[in-house]
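Here is a short briefing on ring contacts, charges over rings and a few loop residues. Keep the sequence and the 3D view open as you read.

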Amino acid sequence: MLTRRHIRVKVLQTVYAYNHSVNPNIDVQEKFLHHSIGQMQDLYLLMLELLVAVKDQAEDFLAKSQNKYLATDSEKNPSRTFVDNKVLDIIANNAVFSEIIDKKKLNYWALDNEYVSIVFKELREKDWYQTYLDRKDTTIKEDQAFIAKFYKEVIAPNDKLYDYLEDKRLTWIDDFPIVNTAIVKMLGKISEKNASNLLVPDTYKNDEDREYALQLFRKVILNEEKLNLQIKGKTPNWDQDRIADIDLIILKMAIAEFLYFPSIPVRATINEYLEVSKEYSTPKSSIFVNGILDKLVKEFTENGDLNKMGRGLQ
């Protein structure tokens, strides 16, 4: 689920926190890094639980409509196409998913049900929701397509939900786009057989990514003096203390990858950190960062300092 770019962002945030700590402690910040990354899985689970909560509210809505004193024919015999959606049933009835929701105490929607109501109300206002309700005996593919559309067009762009998540855990705002993408992809693949693995995925793709996150943080912190020296003199119009904190950390992280991560191509490092700088620093930061990194790559290449192995890595 976690991409290398997102790992870089998490490390960037952790280094920033370390640098601004009153009593910086590398062990404490490593724990923070792992905790921050682990929270991404919590968000993933919570957003799936929201789908189940909307299903439950829809079921309650049908029951109340049927019990109206002057219920219409359509209210007395409502469509159950949505509440019987096969994808929602798979999620709601998966024991592994339910167990981890309880274990992590992610029953937020039971406590903050008004956000479920906001999402369900917006869904009912969509023309394509009524079109879906009119269908009978939908296939699993049709149900998958509908839930993916519901997630993409109602849940993911909901501003009130976004504000709610930001209030809950600040780190979730950076995680939200990647979690949304992962969920939409998952909804197109889910079945009874693969549900447990897809509903509760590992945060890291593999052990290599897990180790990369830890080592990148350590290399930046433990080689602070050396990395600063590499930057010194490459910014003739700027004193180092005038460089934005985020830009300085981005430069150090990129240099650390040049010097200490043999398997990561130079161009991949530069491209990734340019994108990170565009999103997390000032408007002109990417130009500044690109200029410094280009100078450093030329210098490292001439001096034989680039520690890269394999074809196409330089």
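Over the ring of which residue does the charged end of R4 sit? The ring belongs to Y212, and the charged end of R4 is 4.1 Å from its centre. Keep in mind that this is a predicted model. The points below start with aromatic pairs, then turn to charges and loops.

**Aromatic pairs**

- The count of aromatic pairs comes to 14, taking ring centres within 6.5 Å as the rule.
- One of them joins F61 and F120, with ring centres 5.7 Å apart. Their planes stand at 80°, and edge-to-face requires over 60 degrees, so the pair is edge-to-face.
- This pair links distant parts of the chain. F61 belongs to helix α2 (residues 26-66) and F120 to helix α7 (residues 113-124), 59 residues apart.

**Aromatic cluster**

- Six residues form one aromatic cluster: F82, W128, Y129, Y132, F146 and F150.

**Charge over a ring**

**A buried arginine in a loop**

- R169 is in the loop between α10 (159-168) and α11 (172-187).
- Its relative accessible area is 17%, and the cut-off for buried is under 20%, so R169 counts as buried.
- What does R169 contact, leaving aside its neighbours within four places in sequence? The contacts are Q39, D42, L106 and Y108.

**Positive phi in loops**

- Most residues other than glycine have a negative phi.
- K105 is not a glycine, yet it has a positive phi of about 55°. This lysine is found in the loop between α5 (95-103) and α6 (108-111).
- Is K105 buried or exposed? At 61% relative accessibility, K105 counts as exposed, because the cut-off is over 50%.
- D137 has a positive phi too, near 50°. The loop between α8 (127-133) and α9 (140-155) holds D137.
- D137 is exposed as well, at 77% relative accessibility.

Conventions:
Residues are numbered from 1 along each chain as its sequence is written. This is a predicted model: local features need pLDDT of at least 70, side-chain atom pairs count only at pLDDT 80 or more; totals for chains, interfaces and linings use all residues. Side-chain values use heavy atoms; hydrogens and water are left out. Rings of Phe, Tyr and Trp (its six-membered ring) pair if their centres lie within 6.5 Å; planes under 30 degrees apart count as stacked, over 60 as edge-to-face and the rest as tilted. Helices (H or I, at least four residues) and strands (E, at least two) are DSSP runs, numbered from the N terminus. A charge sits over a ring if NZ of Lys or CZ of Arg is within 6 Å of the ring centre and within 35 degrees of the ring normal. Buried means under 20% relative accessible area, exposed over 50%, partly exposed in between (1.4 Å probe, protein chains only). Contact means heavy atoms within 4.5 Å.
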